[in-house]
Amino acid sequence: MRKPYVILIGSASGIGKSTVAAELAKELNIKHLLESDFIRAVVRGIIGSDYAPALHESSYNAYKTLRDSQNYETYDELVAAGFEEHASFVIPALEKVIKRAINDYDDVVLEGVHLIPGSINLEQFKEQANVHFFILSADEESHKSRFVKRAVQIHRGGKQLDYFTENRIIHNYLVDKAERNNIDVIDTENMETTLKKMLMHINRTCEIVLLKNDVDDIKKLIEIVMKDNNGVLEKISYKIEGFKDPLVRNINLSDYKEAQKFVETLDNNPDKKNELQKMYNLSKYRSTTICAGNRETLDKIISELRENNFVYNE
């Protein structure tokens, strides 16, 4: 039998996680969708403010309750420490919810600011469930625009609008924790692209393709894989003559903007570009792991790569 889905979606306030979570649950036909704010409300009823003052503040101003605030060198560190203290009371309850869902063989989507990569023990669930963890991100301008809109919609404009800086600090903290713990960071530029990226990770299909493109072809290659088909370049293996074992690079390139930056770096640095071309020239082809959201899309990617004469035929 298929293992139940456990999908965790975290982000700072105003990124759009509630909307994304609802659409993803709908797409996957998952009926259980829970916000960590509701779980926090239950925990607040159990643990009083005298024992957990940070819990009874919001995630973005919990730092005000810290007794050792003078020990933090920067304001960012202080805000992050308060946020972590606040979330630490909610996380054990979140893990209990996940356990209950798995025991009942129910798929579940959990979303909220309290989902901190590295703080939730996901390893305990890996054997029993298909666990997927995402942190949503946005550039500062987009985040501020959405943050203001959301604050007005939920009638908390006066309170929340004063704390955008703190929420942005939490955003950066969550993204950093995700990168340190190999959790997927999904840019929320638009709903369609965001969902496609998340579904690609959940339903991913991968295949090793032998590529023979030159360095000058990288721009076109990433357009085919990433821009046009929301695919991922996961791993490259160089089989070099005279060496027993291949040289393997885990690149995990899923963000098209990041891939564009890499191409721009090569274009602006001829020496680096020549070094990479020399690496390419050491082997007839590179075994490249390419992933997509489904078999049909992956076949389309490979077909387009063949049309551009990027695929090596043994």
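1. Two strands are said to pair if DSSP finds at least two bridges between them. With that in mind, one can look at S4 and S5 in this predicted model: 4 bridges join the two strands, which run parallel, and within this pairing Ser 137 stands opposite Asp 187 in S5.

2. As background, strands of a sheet pair through backbone hydrogen bonds, and they may do so in a parallel or an antiparallel way.

3. Further pairings can be followed along the parallel sheet. S1 is joined to S3 by 4 bridges, the two strands running parallel, and here Ile 9 stands opposite Glu 111 in S3.

4. Strand S4 deserves a paragraph of its own. S1 and S4 pair in the parallel sense over 6 bridges, and the bridge partner of Leu 8 in S4 is Phe 133. How many of the 8 residues of S4 are buried? The count is 7 of the 8, so S4 is largely enclosed by the rest of the structure.

5. The largest nonpolar core has 42 residues, and those with the most contacts inside it are Val 6, Leu 8, Leu 110 and Ile 170. Several elements each supply at least two residues of this core, including strand S1 (5-10), strand S3 (108-111), strand S4 (130-137) and helix H7 (164-180). If residues up to four places away in sequence are not counted, Ile 170 touches Ala 12, Ser 59, Tyr 60, Val 79, Phe 83 and Val 113. Apart from this core lies another, of 28 residues, among them Val 225, Tyr 238, Leu 266 and Ile 302. In soluble globular proteins, nonpolar side chains tend to be buried together.

6. A second open sheet is formed by 4 strands in the order S6-S9-S7-S8, and its pairing is antiparallel. Strand S6 (205-211) and strand S8 (247-253) stand at its edges with a single partner strand each, so one side of each has no neighbour in the sheet. The twist of this sheet averages 20 degrees from one strand to the next. S6 and strand S9 (residues 286-292) run antiparallel and are joined by 7 bridges, with Thr 289 in S9 as the bridge partner of Ile 208. Helix H12 (residues 295-307) packs on this sheet and touches S6 and S9, its direction making about 10 degrees with that of S6.

7. Where does Asn 213 lie? Asn 213 is found in the loop between S6 and helix H9 (218-227). Its relative accessible area is 3%, and buried means under 20%, so Asn 213 counts as buried. Leaving aside residues up to four places away in sequence, Asn 213 touches Ile 218, Leu 221, Tyr 280, Arg 286 and Phe 310.

8. The largest pocket holds about 1,200 Å³ of space. Its lining has 35 residues, of which Asn 182, Ile 183, Asp 184, Val 185 and Ser 254 lie nearest the centre of the pocket. Among the elements that each supply at least two residues of the lining are strand S5 (184-187), strand S7 (232-238) and helix H10 (256-268), while S4 gives the most, with 5 residues.

9. Two backbone angles are worth checking on the model. Most residues other than glycine have a negative phi. Phi of Tyr 105, however, is near 55 degrees, a positive value, and this residue is found in the loop between H4 and S3. Asn 230 likewise has a positive phi of about 55 degrees although it is not a glycine, and Asn 230 lies in the loop between H9 and S7. Tyr 105 is partly exposed, with a relative accessible area of 38%, whereas Asn 230 is buried, with a value of 17%.

Definitions and conventions
Residues are numbered from 1 along each chain as its sequence is written. This is a predicted model: local features need pLDDT of at least 70, side-chain atom pairs count only at pLDDT 80 or more; totals for chains, interfaces and linings use all residues. Side-chain values use heavy atoms; hydrogens and water are left out. Axes are lines fitted to C-alpha atoms, for helices over the stretch in contact, and angles run from 0 to 180 degrees between N-to-C directions. Contact means heavy atoms within 4.5 Å. A nonpolar core is a set of buried Ala, Val, Leu, Ile, Met, Phe, Trp, Tyr and Cys residues joined through side-chain atoms within 4.5 Å. Buried means under 20% relative accessible area, exposed over 50%, partly exposed in between (1.4 Å probe, protein chains only). On a 1 Å grid over the protein atoms alone, a cavity is a set of points where a 1.4 Å probe fits but cannot get out, and a pocket is an open set with protein on both sides within 12 Å along at least five of seven lines; lining residues have an atom within 4 Å of a point. Grid points are joined across faces, edges and corners, and a volume is the space filled by probe spheres set on the points.
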